Amino acid sequence: MSEEVERLKKFVAYRATLSGDEKGEAQVFCDRLFQAFGHDGYKEAGAGLEYRIKKADAKGTAFADLVWKPRVLIEMKKSGEKLSRHYDQAFEYWINAVPDRPRYVVLCNFDEFYIYDFDRQLNDPVDIVSIDELPKRYTALNFLFRHDPRPIFENDREAVSRSAADKMAALFRSVTERNLNPVGRDAAQRFVLQLMVAMFAEDIDLLPSGTVVNIVYDCLNNGQSSFDLFGGLFRQMDTEEPAKGGRFKGVRYFNGGLFNKVEPIELSSDELKMIGGNEGAATEDWSKINPVIFGTLFQQSMDKSARHAFGAHFTSESDIHRIVRPTIVEPWIDRIDSTKRLQDLINLRRELMEYRVLDPACGSGNFLYTAYRELARLDLRILRRMEDRFSAKNVAKQSITASIVSPNQFYGLDVDSFAVELSKVTLMLAKKLALDEALDQLGRDEMELGFNEGLPLDNLDENISQDDALFCEWPEVDAIIGNPPFQSKNKIQDELGVEYVHRLRAAHPDVPGLADYCVYWFRLAHDHLDKGGRAGLVGTNSIRQNYSREGGLDYITSEGGMITEAVSSMPWSGDAAVHVSIVNWIKGKSDVPKRLYLQQGSDPLGGWRYEDRASISSSLSFGVDVTKAKTLRTNSAGFGCAQGQTHGHKAFLLNRDDAEAQIKGNPALKDVLFPYLIANDLVGSPDSLPSRYVIDFGERDQLEAREFEPLFSMLQQTVLPKREQAALKEQEKNEALKAIDPTARLNRHHEGFLRRWWTLSYRRSDLMRAITNVKRYIVCGRVTKRPIFEFLSPTIHPGDALTVFVLEDDYSFGILQSDVHWNWFVERCSTLREDFRYTSNSVFDSFPWPQKPTLKDALAVAKAARELRNLRRSLCEKHGFTLRELYRSAELPGDHPVDEAKAKLEAAVRACYGMTPKVDALRFLFELNQQLNELEARGSEIFGPGLPERFSKNPEFYSDDCLALG
């Protein structure tokens, strides 16, 4: 690396020739910096200067000094400027630098580089490198090299937090799982929390250095008792009168409720080594622990012996900020920055002192911690505005202290007792860290600022409570934030129990029974707010769809609420398998433009886009709001659209070879053994044909089904026991429910499955009868990323992963396969993670079909549909593609034959509707839906799904291609 080091040394020498003027020298500094890292210059590397970034309030445009997507954003300040004071600006630039948001943000004042990785660590730089250190510490800026090696940071709080959480969890498990003298969970939890605060206090100068390690040393080497020494330490931390001498001289009063009960533990030598051994918990630098993630890591790993904090998920700080910033920070910034009088700023500080925040599902306190830090920063913003706009003499007269924000302004509810205690500790630590930040930014004398080092800790027993937010009183607050539980409507009863669900429905009868669990929090939060109050919550992304939307966001917007900022859909950092929506709203009106975000894909840096708009609908949609589209009776009648068969037990399915061998040995089995297509076969196999067969006895009774051996006996041995077990469990739940409420509605579906245990759970008999009356039928994946429709032979049974359309003509296929229909599908469907789920009641039943297509236009659709199918097959055969691979290839930049065929089909379908190319298809379809609904209401006939009757005898609309076996 000698050549690189030499370039960096020359850059440092060049810096010495500059005065450090932000306006005059920032650009040449950045250009030389890029040269020092091996580029010809910033421009040649692909970076841009004075990069335009739209402000969060959409009131103007900001200019970042340099942006090199997706690597880094650099913001320059004059020499000597305190970089920490520009944190808010750096974060705002980063959050709005989409799409392809840069991974890293660098604040630089010509002498220091503050390096941020906001997706990993929000509050503090991951490293600080001085200009003189650069030739030796350049690895922290590795991302500036052409080949982008992994940077090496020296202030990575996530790594330290994971390591410390893992060690503390191991200690907790050890003392609670001993063979001899195990410690109760409550006592163990209290002990590890007290120990955690002690270790943290050591490393931020609230306890004498080495206190914990020295206790461990004396226990291991000098025969002293951990019961006595740790008990003595914790009791002293609960004593207002400082020790006048002895071992704990200098230990100050902590209390805060945490130390008011001390239950010492006699630790084994191995447990002592977990604390103070060579790699024990006390050897970590607790000043670098990140409280906002530590609690979650600790809590998730302490109860699972095989799971370490290194594998545990936590909610990233940047995702928490997507709620805290628009709900709390931005409204305050607007007020602070528009205030012109000193007295008004003083009044704002007083108001800030009384501003109260609630998280009704607080967990280990991550959201409350972030909210505390941001309120403290708002206080600093007020103080800096005072300093910048008014004389020091006038400001000094106000006897201004360092921070007026108190943990007692924050409230939390949670059903987990340990989470409640963790939340209290997290908030206690937030106060000390906020005070330290105030000292750093203001650069004034501690005494002058009334600095008390954060002791004693605040007692938060009245603020953070163990309770179920859905059944208790909420404190009066100004803002509500949080991440309610994610149980889906299908899992609530299994996870929470019949009695709980019954009590929940009885307490909140206005929430639809099919709504997701988080919807209750959205509704309660809105009801609890006073006018002008704000809320920001995370929910499953189904909150913008169907019953969940109706119970939550529709209710909010119809009851005086206005969505101010939202993320339509994104993967949640807390759980990789969950896609969420984030909604921030005010109870009242807001004239500020509203911002709607969307993240597509799993990369947190890519795929982001946003729009600023006058309003955001409850569907959180980027397109025309079609949530108010009506069901058309003509569509919903019959079996035009339905879900495929649900087998209910894997024993109903045989692989293709086994099934064909069975039929060969006994041809009569072909009457009950059928090819069974699933969505993955359709789009993920080269021939798109079924890989399995299904045992379908149809409407046969048990005696008739018994004639088909060995299939019947096989189901008797596998399916029957499972259905007996499920029916028994259902009966037990029903009896528990009847004991609570004799009039309660009981579940009977497992009882029904048991009565006909030899048949599929949901055979869809009416659908199957309809399929037998057509020569072919249309299917698509019920959950899909792409519009891929196909014809099947009626000899193939559709699995429940397919949506079925009992339509056999090419015109109908063309309408369904078109982008016109796909756009309606995307806006009206529900979702599973980031995939779209075709739901007949919301998508098909409301979709308006062309009302009066001409014969010429309808034939053009049929022809284009045939040509697209033929092209797909030929391309898949030629290149060995599956349909999924073919459509993925069409998503890449550049011309593609599938795109050309789709464009031809799109033009033909638009012509059938009378739509010109520039017409917004969604708006057109929505308006047509409203017109047709009105016509139906007046008794008028409208044209529904399928080929118009007047064309049904024309053979040009029918071809015979379809997927078939044999």
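Predicted model: local features only at pLDDT ≥ 70, side-chain atom pairs only at ≥ 80, totals over all residues.
Although cysteines can be joined in pairs, the structure holds 0 disulfides. C780 is accordingly in no disulfide, and the nearest cysteine sulfur, which belongs to C641, lies 7.6 Å away. Now select C829, another cysteine that is in no disulfide, for which the nearest cysteine sulfur is that of C780, at 11 Å. With a relative accessibility of 4%, C829 also counts as buried.

Next, go to the largest nonpolar core, which has 113 residues, and colour M168, L195, F230, F254, W286, F298 and I328, the members that touch the most other members. Stay with W286 and show its surroundings: leaving aside residues up to four places away in sequence, W286 touches A164, M168, M196, M199, F200, D203, A281 and F294. Apart from this core lies another one, of 76 residues, and L689, F805, W822 and A901 are among its members. As background, nonpolar side chains in soluble globular proteins tend to be buried together.

Now move to helix α1, residues 2–15, and check its length with the distance tool. At 1.5 Å a residue, the 14 residues of this helix should span 20 Å, and the end C-alpha atoms are 20 Å apart, so the two values agree. Select E4, V5, L8, F11, V12, Y14 and R15, the buried residues of α1, and look at what they pack against, namely α2 (22–36), β5 (112–116) and α5 (134–137).

Select K69 and P70, which are joined by a cis peptide bond with omega of about -5°; P70 lies in the loop between β2 (61–68) and β3 (72–76). Then select E709 and P710, where a cis peptide bond has omega of about 10°, and P710 is found in the loop between α25 (702–705) and α26 (711–740).

Finish with two positive phi values, the first stop being D205, a residue other than glycine whose phi is near 65°. D205 is found in the loop between α7 (185–203) and α8 (211–221), and it counts as exposed because its relative accessibility is 59%. S688 is not a glycine either, yet it has a positive phi of about 60°, and it sits in the loop between α24 (679–684) and β19 (692–695). Is S688 buried or exposed? With a relative accessible area of 7%, S688 is buried.

Note on methods. Residues numbered from 1 in each chain as written. Heavy atoms only, no water. Core = buried A, V, L, I, M, F, W, Y, C linked by side-chain atoms within 4.5 Å. Buried < 20%, exposed > 50% of the residue type's maximum accessible area, 1.4 Å probe, protein only. Contact = heavy atoms within 4.5 Å. Disulfide = S-S within 2.5 Å. Helix = DSSP H or I, 4+ residues; strand = E, 2+ residues; numbered from the N terminus. Expected span 1.5 Å × (residues − 1).
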